[in-house]
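The following paragraphs guide the reader through selected parts of a protein model. Please keep the sequence and the structure in view while reading.

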Amino acid sequence: MKLRFSLAVIGCLVASSLSADVSTDIKNTFAEGSVSGDIVLYGEQQNNSGANKNAGFTMGSVGLGYQTGDFHGFKAAAGFRANHDFTEVEDGDYGTGNYPTALMHTANISYANDYFSLTLGRQEVDLEWMGDFHEALVGVITSIPDTTIVLGHSQRKATADFDAVLESFEDLGEHGANVLDVKYEGVKGLVLNGYYYNVKDIADFYGAKVDYDTDMFGVTAHYANSSEKVTGTDDGSIIHTELRGNFSGVGLNLGYITTDKDGAIGSMETAGDNINPLEDGNQVYATDADTIYLGVGYELDKLALNAMYGRTKYSSDKENEINVAAEYGVTDEFVLGAIFVNVDAQNGDDDYNKFTFTANYTF
């Protein structure tokens, strides 16, 4: 399915919704639109072991987005991000090769009513194995009580983060990626999620996830499997379980992740991922990897503190990682953040410490 074919669908919906005074309606739609954005200063310093040189960079990022008001169920949205590096410890620490300094990551038209919504164009997608920004057609059906059904086709994917180089839209295989994602939330605190992805000529993957949360306790059980289509590529799988607790304002989570002993997670990362809990987690998705992690978090007024320890055994090797993060809201719009990462790798020359700092103003 090509995205251009879907323009006919959008066109029919537009034509059926026009009023007699179209010009006035459109003018009001744009006048009632909203603008949002952010200005970010980011820096990181990584101290490496052995003969590896230290690395680091500082950069600035500006994001801007606009969404129109409602026009008989229709809306349009546009957004971009521009990133620029200021300093590098070593040439290439910020990025190498050809990368854009600005990227229009959002440019879409959408339609919504009480039963479904449809969005065509560049948009942000947040599903289990489809994240970041996509050139896609995504439909969401909400007509079934307590159930949300997402049907989507993505042709290309891009990344527009405020703490790294921008990544231009690139094809997801020759024919794009298709997704069917179903969530049921008919029982308080319980979310049942089943999904299926197809990336033609690359892989099919599917999975099931259960989340249950109360005010004090939470649990997750998740399984996914890939059926690889490239000759010589082993199928992959992943199991993720987590226990969560909240006691006197202190949040705790204990989790376990394991991957296939031959195929790791296969091609399931093709369109994005949302499982790795660590800041770096270099080996979490490696072949035959078992990861145990323990996290703790606490919030005091405008200050949020989080720490996590993770240990990954993969094949006959292992890697330990410690994350410590702090975030302070100077105002509702201006937030300061810092993260410390310590990685103890199997090869001592791959050990490193990393510190990042973020100043983020949103409007």
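Thr214 is located in the loop that joins strand 11 (203–213) to strand 12 (217–228). In this predicted model, the residue has a relative accessible area of 40%; because this value falls between the limits of 20% and 50%, Thr214 is classed as partly exposed. Along the chain, Thr214 and Gly245 are 31 residues apart, and their C-alpha atoms are separated by 9.1 Å.

A nonpolar patch on the surface is the next feature to consider. The patch is formed by Tyr212, Met216, Phe217, Leu243, Phe247, Leu252, Leu254, Tyr256, Ile292, Leu294 and Val296, which together have about 990 Å² of accessible area. Two or more of its residues come from each of strand 13 (237–247), strand 14 (250–259) and strand 15 (289–300). One of the members, Leu294, lies in strand 15 and counts as partly exposed, at 49% relative accessibility.

Most residues other than glycine have a negative phi. Ala264, however, has a positive phi near 55°, and Asp301, likewise not a glycine, has a positive phi of about 55°. Ala264 is placed in the loop between strand 14 and strand 15, whereas Asp301 belongs to the loop between strand 15 and strand 16 (303–314). Are these residues buried or exposed? Ala264 is buried, because its relative accessible area of 10% is under 20%. Asp301 is exposed, because its relative accessible area of 72% is over 50%.

Elsewhere on the surface, negative charge gathers in a patch made up of Asp161, Glu167, Glu170 and Asp171. Of these residues, Glu167 is situated in strand 8 (residues 167–171) and is partly exposed, with a relative accessible area of 43%.

Leu103 is part of strand 4 (residues 102–112) and counts as buried, at 9% relative accessibility.

Terms used
Residues are numbered from 1 along each chain as its sequence is written. This is a predicted model: local features need pLDDT of at least 70, side-chain atom pairs count only at pLDDT 80 or more; totals for chains, interfaces and linings use all residues. Side-chain values use heavy atoms; hydrogens and water are left out. Patches are made of residues with over 30% relative accessible area and no salt bridge: like charges are joined within 9 Å, nonpolar side chains (Val, Leu, Ile, Met, Phe, Trp, Tyr) within 5 Å. Accessible areas come from the Shrake-Rupley method with a 1.4 Å probe; for residues, only the protein chains shown count as cover. A salt bridge is a side-chain nitrogen of Lys or Arg within 4 Å of a carboxyl oxygen of Asp or Glu. Lys and Arg count as positive and Asp and Glu as negative; His and the chain ends are not counted. The place of a charge is taken as NZ of Lys, CZ of Arg, CG of Asp or CD of Glu. Helices (H or I, at least four residues) and strands (E, at least two) are DSSP runs, numbered from the N terminus. Buried means under 20% relative accessible area, exposed over 50%, partly exposed in between (1.4 Å probe, protein chains only).
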